[in-house]
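Subject: Structure for you to look at

Hello,

Here is the structure I promised to hand over. Please open it and keep it beside this email while you read.

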Amino acid sequence: WIVPHLDRQWMLRAVCHKTLFRAMAAQASVKTVSVDPFCLRQFDKTSGKGPFLDTTTDAFEAHVNAAYTADPENCLKEGYAPFCKHIFVDNYCKATMTVCEVTPENEGLLRTGYVMRQEGELAVLSRWFPADSMGQPAVAPYLDVILYSRDQIRKENKAMGKPTASDAPWGIVSVKAQDVEHELPMQPITMMRNALGKDEGGSGVPLDAVKYQESVDYWSNHAPIQ
């Protein structure tokens, strides 16, 4: 037999435990990082934007969030501005290298053209190696996952007249497959686009002459594969 007041206490404890478990489950399901629509083209093999990530966005988000959860204090690496961070993860989806050194043997393969990354941006002069002329690139050991803060994404989307779908604190705006576990220099034309401001598809970060020269030094001898 159960004494009535003990029965009520047991029921109250059961309700409290159930509420706690639900709260813990809800907290576990909250994503710190989500894939931004700007990055979706990297999950589409036909988009021409490399590296192609041969996985689903849900699986990729889970992989990056797991890396963050494992070491939240040290996982985020500084980017080119306070709103930009990097997470370096193992290349579990076997993405291939998308940058190649320019040599006398391959420089004749380089192509140039005016390119915009998304509708509404200014087309800018770019150069690249055509993917179909470079053979099979090597699989990269690392992925550089580039994040923008939710506040920055909202500001840029507002300037471009686009909605913001996610409330995750960080959005994945780009992923680079590379052979080093640190940030490579941003391309000079990307730095210039950023300096033009949010209305032109940039971030609004002013040009830094020292960083720009570092970028020129690197990209004078390298080009993307796409």
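First, a definition: a residue is buried when its relative accessible area is under 20%, exposed when it is over 50%, and partly exposed in between, using a 1.4 Å probe and protein chains only. By that rule, 38% of the 226 residues of the chain are buried.

This is a predicted model, so local features need pLDDT of at least 70, side-chain atom pairs count only at pLDDT 80 or more, and totals for chains, interfaces and linings use all residues. Residues are numbered from 1 along each chain as its sequence is written, and side-chain values use heavy atoms, with hydrogens and water left out.

Now the overall layout. The chain has six helices and nine strands. These are DSSP runs, numbered from the N terminus: helices are H or I with at least four residues, strands are E with at least two. A contact means heavy atoms within 4.5 Å. Take the contacts with a separation of 6 or more: 69% of them link residues 24 or more positions apart.

Next, strand 8. It covers residues 170-178, and eight of its nine residues are buried. Two strands pair if DSSP finds at least two bridges between them. Strand 8 pairs with strand 1 (residues 33-35) in the parallel sense, over three bridges. There, Val35 stands opposite Ile172. Strand 7 (residues 142-149) runs antiparallel to strand 8, with eight bridges joining them. Val145 has Val175 of strand 8 as its bridge partner.

Then look at Asn157. It sits in helix 4, residues 150-160. Is Asn157 buried or exposed? Its relative accessibility is 14%, so Asn157 counts as buried. Leaving out residues up to four places away in sequence, Asn157 touches Lys162, Pro163 and Thr164. Its side chain reaches the backbone oxygen of Pro163 at 3.3 Å. Gly201 is 44 residues from Asn157 along the chain, yet their C-alpha atoms are separated by 9.0 Å.

Last, two backbone details. Most residues other than glycine have a negative phi, and most peptide bonds are trans. Gly50 and Pro51 are joined by a cis peptide bond, with omega about -5°. Pro51 is in the loop between strand 1 and helix 2 (57-70). Lys94 is not glycine, but its phi is positive, near 60°. Find Lys94 in the loop between strand 3 (84-90) and strand 4 (99-101). Lys94 counts as exposed because its relative accessible area is 58%.

Best wishes

How values were computed. A polar contact is a pair of N or O atoms within 3.5 Å; within protein, one must be able to donate a hydrogen and the other to accept it, and residues adjacent in sequence count only if both atoms are side-chain atoms.
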